[in-house]
Structures are given as structure tokens and as C-alpha cells.
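Subject: Structure handover

Hello,

My notes follow below it.

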Amino acid sequence: MNRLELHPPWATAGKVVFRWTPSPRSSLYRTNGFTMRFPSEIDVTTLPDALLLTAFLLCVHAHFPLLSPLEVTLPAVLGPGEAEFWGRVSDVEAETLDALRGTGVGSHAVRILEKGSSLSPVPERSGGRCAGAFSGGRDSLVQAGLLAELSERPLLVACSSGLPPLVDHLTPRRRFVVAETRRRLPVDLVEVASDARLSIENRFAERSGYPVAVNELSDTHVYGAALLLAGWALGATRLFLASEADVQESVLWDGVTVQHPHLMYAASTQRALSALFSRWGLSLGSLTWPLPGALVQELLVRRYPQLSDLQYSCWRVSLGEAACNRCSKCRIAALGILASGGDPGRAGFDLVRILLAQRGFAPRRIGTSGRAPHPGQLVGRAHDEFTVRSLRQIRFRRLVEALGRGPSREHSLRARALAAYAFQRLRRRTLHETVQMSPGYWKAAIGWLDPSFRGPLERIYADTFPSDGSPRTVTLVARSEALTRRIAEPLAASVPAEARS
Amino acid sequence: MLPGRGKGAGAGPDGSVEGEAPRLARSRDVLLSALGDSRDVTFVRSAGNLGDELIWAGTRRLLADRLRREAAPSEALGSRGEVAVLSGGGAWSKPYHDLLPPLLGSLEGRFARVVIFPSSFDPSVPEVRSALSRTRAVVFAREEESLRRIRDLCDARLADDPAFFFDFFPYRRGGSGVLHAFRTDREATDAFPLPPENRDISSVCSSLDEWLWTIARHAEVRTDRAHVMIAAALLGKRVRYRSSSYFKLPAIAAYSLDGYPVVRDDFLPGSMSDGTPAAESGGSLLQAVPAVADRRETPRAVLAAPEPRVTAIILTTNRPALARAAAASVLENAGLPCRVLLVSNGSPPEVERELDAFAGPEPMVDSLPLSENLGCAGGRALAAGAVATEFVFFLDDDAEVRPGTLERLVAELDAHPVALAATPAVVLPDGRVQHCGGEVMVRGGSISFLPFGEGLAPEDPALGGPAPTGWIPGTAALVRLSGLLEFPIDAGMKAYYEDNEWSFRVARSRPGAFRRVPGVVAIHRHERKDRRGDGGAEIARLIPYLEAIARFRVRHGYVLDAVFGWLPELRRPDGTLDVSLASDLLSALSDSGSAWFLEAWRRSEGHADLLKREVRARHDSESHPRPAVRRWHVREIPGRLRRVVARAAGLGEA
């Protein structure tokens, strides 16, 4: 049995410090805690202890399944049902991880113990100000645009947290994106710095047989914790963390709902967290839940062209770049922008490098026999189909024009010609690929949206995209809702806090 | 270039020295040309102390390719030959003239030619005058005063003392404290009382190696022995000397040591206390080290930065008080906004809590508790990942910065955008510079990271102004974050020498990447980690150092010369470095691990020959691929040889 003792977080001098003690020592942790550093306009000493401990659990709960069997000791007694709530969050995440690892469900056991005294209730906030997590990626840019359009001076919270050797949080491009967003939108944008991502050994999950990196399970929760604390401190009650429809994909394996491996974006968890936050007058949601990634990209180009040049999606980027221009993510983004009528060069995408690096691209195949493919495979296929559709939509003449602009222009004529040739070959290679029509927004997920934005958002979506009310999306939404109910049930029942096993 | 400076007076295998000082090169030429083309050279040693042994070692090195035999005076008188080289030294003076003047005539009867190597001569001694005035030998004086005195008596020429041809390079290292090494023999002068702590090392040390190490361990040497003065100067020590009973020390210093920090101290009354640094004489450490920098010298833009541009990373293991002092020095003395990251490198929880308690109320200080001790390299590499400022300032936990240091370093890198790192003068508690950057020297298979300015006072004009430097010691180093991202610290260097490795790797890709800024200082409460014995526990203690050296060798192919400090057993009897043995041993350590190393060391008791056997045995016992000899090649080999080759290649009789 592993043990993880969480020490009381403390807030002082502009920072919140989180510490833990694992026993025995686990190679999951490179440090025994982390710090979040807030800007001067945030008085961290006003943050309630219950909120600090919730932020702590938000950051570390994704580690619980990786350390199980595990006994977690908390430094205080949570609100009614909350210990059980966190246990269930962990259970649901563990089910997906176990299924993806192929070790069957039920091998996990996470026991949460509460020590010490009860925490003072969190003073309820009112006012309805919106706050959104901001990274510069297409989802957060679209959400920032929507928040600025639909609400009064929203707050954006950017969280910088290095994960060596990646430098995506350190580049001048990121600083530019943050500064320009602050300048171009009627928003307040604050930056939180943290060493939270540094504290984990990112390959721990893979070494344990799970097909994910640890940060793919926990990053968004770190950003969510920063959003929760900064948002509360600055009077925001409606919190938004962009999550798109693609990652709500799930399958049923032996009666167990297996979610997309990027569990941190799961609406099931986010909506359950919203139920928890509602105890303090807060809510958590996403404005892009109903939108598949392809539509998010298109919405950014078509509705927010003033922001689309700020897109900063690639985490493989080098220090002096805007994107690595080699990876599949850059391919999807650049071709998607071009297909939507935008100019990928404005966002720093170098079409020449992308087309030459991705000239071997071929859409993934999903086997039709045997067990249903897992959600990660389905979404991977969907992204490939997005690329195929983009290749078909882009007129060759437009491509040639785009190759003469932005970073592509710096290349020799020969390199540009080779890139154009690579484009044509890619198009020919995928000519006979059977792909689904361009997806619509998930009609069934509209109900997940913040009630006050639901109507306007659906109008925006409907103005731009077809709706998808297919049984598949209805089923996916229903599965997610079932998980949410399962997780949040202890909160509704207000079960007295007690150790669970 | 001065004799031996920068190149450690080290000669290559052919006896030549690349970059050798012009005068030393001239000395080499005139000495060798005096031998003519003869290959029949006999080196005749005189009697003497360890200073004379240094002369002999230098002579052997100079004559390495010419020497046929070596003989004591009595042996030389029983042999014949073409050329006899009579050892240089001070045996032509009043205190010591019993042996050589009478020997000279006898040698001339048995050898076609005799050459007296550079010596000091006092022809006022009748026996000396008589011998010189009758000789046909070529006579070399080692300083101008002797030359002046004998030039009318014999075929007199001038050259540097043979000790200058000795390879001092392996002994070069930082030192601390003052060595008083005044002579106690018949040449001693009674003009000054001996200091109570005096140690006449030329008489009391049991070997040349011990003698050299004794000098090397100190920062300053005070002496009236010529070869203690020479060795100390060439080892980079600050030297204060007094005359012995005649002129040779000032004359040698004037002729051969011009430009070295060698000071004549005859004029000081009594002990040399007037020159004792404040820290040594009970003054405070900070008083001993002047605040050289003036903030007015720093560009205003650097001082006016609104946001922190620097994060100081202070790594500590179980030394929270020192780390706090280091952090406080940054907070109090940095003239620009600066963050501090206190990193607990696998310390126990109470240390983590102490650092947390220090960092908590400080808005600019964070603490980072590493879950295990990653060594300096691993800890710094990981901590750098938490930095988002333009610069990282690595500061040892036992170091502190003085006012003005950080901003001047930032200004230096601002002024040199190509440079990736800068270092101040790092000063020891005794008030002397430990290093201010340094130079890298590669010779054969070994590599040395030589400190610049070692032993000088921080305000010494010899340190010069800001300048490029060959490497950046990690004690106090400002590094661009972009440089660390491009050239990450090799966490595999574990505990030690990561600054050497990083510097070497960066410098190869980025010439001009490093700057030294002598005008500003950091203080280093450095504790030497010298070898403290021969026992198994002591050798086990050295393993982390040796593993880091082994990794350097694996990564870059060179043997860090520090290994010869940790394991002097790897030197040959003449004091030269057995780089081949060191390389094999480090290779074995890398491949077979510390357990094998410790066992091999125990079995061999550190004897070089036995160590070689252990390395060979290990090599043989492991399944190394046999040489690839293809059958058709084997068939082409005739007769019995074919069978031998085939068996060696594991091909049977083929």
C-alpha cells in the first residue's frame, strides 16, 4: 500500500505552497510539492483553506490511480461527501486507465483519510463574472473570444509551468500571445506561475503500462486550480476551461465506460467538479464542449480573425519558434486554417516545413473486427479525416499563394515547389480515402453549457455549422452524464465525510 | 607568455611544448644544442635535497630523447662516454661546493665533452673559481648575476634552471592558507627569525611528490629556497621570498619569474605579518574582501528592470543555514529585481521545512524540495526547469555575492549578446581569489580546467578587466536561460564536475560563450575535499567524484586531470600522469561499476602495475567480441600463423 500525505497548503507573500510526503518514496514525484505564484493584484492570504485544499486535490488527484493501491491522508476534514467525491473521480479515471492498459477494471483501490479539523466554509461569491483558463491554443482562444463577446470584461488566467525539456511555456511567442490577447480583447488577463509540472516524472504512467504521459492526465487540472484560486480571488464565479467534443468520445468495454485518455478534459469530471464548486457559488464549464476540434479551428478563423494569428498550439516548439512545424498537430492546425480560409503563416506556421515533414502522412486505419476501438484511436482517426477534408478543400492555387507568405516565404523557390509537390502527393494519396462529412456541433451537449450562454452559443454554432443530433453523440453525452452523476452523487447526498475503502 | 604559464610548463612527448614561453624555448634550444648531435649523453646527478630532485626531474624531461644513462657521481667516474651533463643547482656556492668542482676535472678525463647545466656560481669561492677557470666544459648559468661573475672564466652561457622543464601541470590546483618553507640547513640566513609554523619541506618531505603536493595545497608560499619559489610560482601560488645566504633567489626571480606573483619580502621586519590577509588575522570575512563593484558602473537599464530578469538557484543538501545566508546575500546585495529558488536536494523533511519557512514570507523566494538527492548536476538541471526569467544565477550554498555583483554580470551579458554565461571573481575566506573563470587545457588524453587569478587579491590589477574566459566555474555563474535550454546540464555528471562538462561542451559549439568579470566578487566558504587516506572507506568516498570523471571521459574522450589528485597512485614514479592507465580504469568503472572498482583497488592496494593487471583481467573475463577475421582472410595466411590467427579469431582451424 502506498501512502500519500498531503500537508496543509499555505498562502503567503503572493504564492501558495503545496507539499506532500509519499511513502515509500515514489518515482512519480521528482519533488515533494510545488508552488503557485500569483500576480500582485491577487491577495492570496484571502483564499479560504477549503479552496486551497480543493485546488491541491485538483492538481494531484490524477496521480491517485497511478499510485494505487493508495492511502491518501488529507490535512483536514472536507465538506460532506467530498472525500467520497474525490475517491469516485479517481475510480472513474482509473477505470479508463486500466482498460487502456488492458489489466481489467477493479485493480485500483484509493482510500482517502481525513485528519484534523473541519475547514471553515468558503464564503459564497456572487456577481457572475466569468473567468477562463488561457493558454493560447485554439480552444482557449475561441473561448476567450466567446467570453469577451458574451460577458462583461471577463478574466483570463494563464498558467505557466515548465515541463523540461519542453519550452512551450517559455517562448517569446507565448509571451507575445499573452500580451496581444490582453491588448486586443476587453479582458483582464493574469498570469500564474507554477512548478507543478516539474514535480512529476512524466513517463511514470507509461512505465506503468498506461498509454499516456502523466501530464496528459494532470496538466489541465493544474490550470484549473490556478483558475479556481485566481478566479475566486478576483470575484469570478463562472469558471471556464475549454474542452472540445472530441475528447468526450467514449466506448463501452465490458459494461465499463472507457473515456478518451486525456481524462483531464473529460466533461464528466469537469461537470462533476462544477457540482462541487456550486457549494461555494461557483461553476465550472466549457464553452466549446459541443464543438469537435475541426469546428473549433474553423470558428477561430471565421469568427475571430483578430485572434486567429495568435494561435499557439504546438508543445514541441523550440525557443525561437511559433510552432515546431513538424508534428501532426501543426499539420492539422495549418491545413485546417488554410481550409477555413485563413492564413497559417500569420500564426507562425511554416507550410513548407510542415508539408515536407508530413509528406508521409497516411490516415490511420481502425480495425473492424474484434473489440471496439478505444476513444483515443477514434479521435486520432477523426483528426486524420480532418486533415483529409482539409486537403480536399484547399485549392491548389490558394496553397501556392500561402506558400509565398509568412515563414514559408523565407524558403527557396525549390523548397516551396517541393512543398507544393508534397501537397499534391498527399492529396492524391488520400483521394480515395472514405471520410465522414464535416462534423456538426453536438446538439445533445448544448445542455452542458452555462445556462446564461446556452442560447447565444447555440445561435453562434448554428449560424456557422450544421448540428449533429446523431444517436452516437446522444449516447456519448448520456454516458458522460452518467459518469458525472456517479461522481457527484456523494455531494448531492451530502454523505458525512468518512474514510472510504 | 611567461615560462610555464597557461601551459603548465608541460612538454609534449617530443620534448617540445606547444605555446612554450619564448625564453624557455630559447633555453631548451641552447641547452640541447650544447650537446651537439650526440646520442651518447650521460646525466650525472649531484647530491641534494628535494629541490635538486626537481632539477633532475626537469632535466630528465628535457633530455628524454637524448639520454643514454644516468649516474651518480661515483658511477660516472667509473664510466666513459661522449657527453656528460653535470646536474645544475647551487653546488657551486660557499655553503655547498664540496662535490662538483673536484668532480668536474675527473669527468673531463672520461667524457669527450662536459656540459654543466644551469646553476648559480659564486667564483669568490677559490675552489669554484679554480675549477671554472681550468675547464673546457660549456657552463650554463641560470641567472644573469652568475653569468656576469663567470663569463670571463669559462665558456659561459645563460639558460633557465632545468626545473622549469618539469611538468607542473598535474599538481596545479587551488589551495588555501600560507606555507612557510624557510630553509634550516647551512645555507640558511640568520637575518630573520623563523616563523613558528615554518616547515622546511625540502628537508622534511619524504618524496618529490609529497613536496609538490605540500606546495600545491597552499594559496601562498613564503620561502628562501629557490626551488620552492620556482615550483610555487609555476603552480600558480602567490610567492614571497627572502634571500638565503647569497644572491641566487633574487637573481633567479629576476631572470625567470618576471610577471609571476613573486614578491621579495626581505625588507619586512620580523615575521611577514604585514602582508597577512585580514580574514586570516581575525578580521571579518567581508572586511577581507573589498566590495570592488560600484553600482554607478552598471548601466541604468539593468538596474531599472521592472521585472526580475534573474533567478538565483541555490542548491543545498543538509546545509540550510548556509543556503539561507547565500539567499540573503542575493536578496540584500542584488541591485536589480531577482528571484531566488532554494532547492533542497534530497534533504530530510526538517531541512525542507526550514527552507520553506525562510522562503515563505519572502515574496521573491521560492523553495523546491527535491524528493531525492540528484547531485549538483541533476538538482541544478531540474531546478532550471522551474525558471522563467532571462538569466539563471547558480550560486553554491556556501557562497555569497557582494553588492554590485549580479547587476554587473547581467550588464556584461547584455553587452555581449553572444555570450551565454559570466562569472565574477570568486574569493576564498582568506581574501584570495579562488578562480575567476579559467582556461581549458587539453594535452594528450587528459584535460585540465585551470582557474584564472588563483591566489591573487581581488583588487589585483593582474586580474585585468572583463574578458572572455575558457570555462565557467559553477560556484557563482550567471547563465542565460536560453543557453541552458540549448545546452542542458548533463544530469549524469551527478555530483561533481558538471560545470567543467557543461563549459567544455558549450565552448566547443559556441566559441566566446563565456565572460569573466574580475571587478565583482562572490565569496566562497570552500572546504577542500582532498583525499584523506588510503583505506577502503576513503576510496569508496571518492566514487562519486570518479564516476563523474568517468562520465566525462565517456562523453568527451578525455581524462579529467582531477583523477590524478584523487588517485595519485595513477602517476608514474617520475610524477608524470599515466593517462592510459587512468583511462582504462575509468572505462572499467563506467562499464563494471563501483563494486568492481573497489574490489580491484582493494586487491591491488592501489599499485599501478597491479591495477593494470586488474583492468586487463576484467577485460579478458568479459565477453568482448573477438576481432573480426573473415575466413577467406584466414585462408590467405600461410602455415602455422594461420592456425594462430584462426584460434584467436575463434574460427577453429579454418
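The notes cover conventions, the interface, the sheets and the cores.

This is a predicted model: local features need pLDDT of at least 70, side-chain atom pairs count only at pLDDT 80 or more, and totals for chains, interfaces and linings use all residues. Residues are numbered from 1 along each chain as its sequence is written, while chains are lettered from A and ligands numbered from 1 in the order in which they are written.

**Interface**

22 residues of chain A are in contact with 19 residues of chain B. Contact means C-beta atoms, placed from the backbone, within 7 Å. On chain A, β3 (15–23) and β4 (33–37) each supply at least two residues of the side that touches chain B. That side of chain A divides into ten nonpolar, eight polar and four charged residues. Here Ala, Val, Leu, Ile, Met, Phe, Trp, Tyr, Cys and Pro count as nonpolar, Asp, Glu, Lys and Arg as charged, and the others, Gly among them, as polar.

**Chain B sheets**

Chain B has 24 helices and 23 strands. These are DSSP runs (helices H or I, at least four residues; strands E, at least two), numbered from the N terminus. Strands pair if DSSP finds at least two bridges between them.

One open sheet of chain B has six strands in the order β2-β1-β3-β4-β5-β6, with parallel pairing. β2 (67–71) and β6 (155–158) of chain B stand at the edges with a single partner strand each, so one side of each has no neighbour in the sheet. In chain B, β1 (41–44) and β3 (81–86) pair over four bridges. Thr42(B) stands opposite Ala84(B) in β3(B).

Another open sheet of chain B runs β18-β19-β23, with mixed pairing. Strand β19 (446–451) of chain B is parallel to β23(B), joined by two bridges. Ser446(B) faces Val559(B) in β23(B).

**Cores**

A nonpolar core is a set of buried Ala, Val, Leu, Ile, Met, Phe, Trp, Tyr and Cys residues joined through C-beta atoms within 7 Å. Buried means 20 or more other C-beta atoms within 10 Å of a residue's own, with C-beta atoms placed from the backbone. The largest core has 275 residues, and Val157(A), Ile313(B) and Ile549(B) are among those with the most contacts inside it. Helix α7 (215–233) of chain A gives the most to this core, eleven residues. Apart from this core lies another of 80 residues, including Ile116(B) and Phe140(B). Of the 654 residues of chain B, 51% count as buried.

Best regards

Key. Contact = placed C-beta atoms within 7 Å. Buried ≥ 20, exposed ≤ 12 C-beta atoms within 10 Å, placed from the backbone.
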